[in-house]
Amino acid sequence: LLLYTPHNADICFTSVRPDSSDNKISLVVAGAFTAQNLRDVVGNYVEKGVAKENKRDKETGFCTIIGDKVIINAIDDSIDYYYSLAQKENGYYFQQMLLLKNGETIPCRIFRGQKPTHRRALAIYKGKAMVIETVNRMNVEDFTLSMQKIGVKDAIYLDMGSWSEGLVRNRDNEKISIGHLKQNTRFQSNWIEYVTKPLKIKESRVLVKKR
């Protein structure tokens, strides 16, 4: 696993394609699934407190972002409360496949029978929200078990497959492209974005660890 840990950065969910030349962006990856019309986000979402209702597919979880707090939960557990809270607190919310909750694995059946591929998730690890992805191709069950093994408590899937393009910036502010299959990147409708706060001292932008 690769663990991307942005330092001194705010996390958000956005439907506006990020500007890859913006050096304030320390990490950006695809978030929720994009609909078959290659235009809409799958499921409801909230962006800076503004709600957008879209058709849901088979999503089993949701993520709410309020300030620096990231909540990952099952879609049938207080969904209305957190959806409303994101609007009230000028926060963010999106729906995706839940992989781990309180350290317990959650079955993810939508990929059953598919060949192994590279995987990525937004996860809570050691109390911090970070992006975790696989080095090699894996099925989703092995990916989930790998995160559980290192101590991840909560994790929600992020769009991958041919939508996997992303970027990180290292401590020297160098832009590094990540992802493998990128054919559909131009159709991606939403992203998880970490935006660096003004730095008071020199520190790393993104710490990448291999586990």
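Trainee: Is D154 buried or exposed?
Mentor: This is a predicted model, in which local features need pLDDT of at least 70, side-chain atom pairs count only at pLDDT 80 or more, and totals for chains, interfaces and linings use all residues. Residues are numbered from 1 along each chain as its sequence is written, and side-chain values use heavy atoms, with hydrogens and water left out. Buried means under 20% relative accessible area, exposed over 50%, and partly exposed in between, with a 1.4 Å probe and protein chains only. The relative accessible area of D154 is 11%, so D154 counts as buried.

Trainee: With which residue does D154 meet in a salt bridge?
Mentor: A salt bridge is a side-chain nitrogen of Lys or Arg within 4 Å of a carboxyl oxygen of Asp or Glu. D154 lies in strand β13 (residues 154–157) and its partner in strand β9 (residues 98–101), 53 residues apart; strands (E, at least two residues) and helices (H or I, at least four) are DSSP runs, numbered from the N terminus. At 3.4 Å from N to O, the partner is K101.

Trainee: How many salt bridges are there by this rule?
Mentor: One of them joins K197 and D10 at 3.6 Å, linking the loop between β16 (191–196) and β17 (206–210) to strand β2, 187 residues apart. Another joins R39 and D40 at 3.8 Å; R39 is exposed at 58%, whereas D40 is partly exposed at 28%. By this rule, the count of salt bridges is five.

Trainee: Which strand holds N73?
Mentor: N73 is buried, at a relative accessible area of 9%. Leaving aside neighbours within four places in sequence, N73 is in contact (heavy atoms within 4.5 Å) with T60, G61, F62, Y82, L98 and K101. Its place, residues 69–74, is strand β7.

Trainee: How many residues does the second, separate core have?
Mentor: V70, named for the largest core, is in contact with I11, C63, T64, I65, L122, I124 and A129, beyond neighbours within four places in sequence. The second core is separate and includes A35, L99, I132 and A155; its residue count is 23.

Trainee: Which strands stand at the edges of the open sheet?
Mentor: Five strands form the sheet in the order β2-β16-β3-β14-β15, with antiparallel pairing; two strands pair if DSSP finds at least two bridges between them. Strands β3 (residues 25–30) and β14 (residues 166–169) are joined by two bridges, and V28 stands opposite L167 in β14. Each edge strand has a single partner, so one side is left without a neighbour in the sheet: these are β2 and β15.

Conventions: A nonpolar core is a set of buried Ala, Val, Leu, Ile, Met, Phe, Trp, Tyr and Cys residues joined through side-chain atoms within 4.5 Å.
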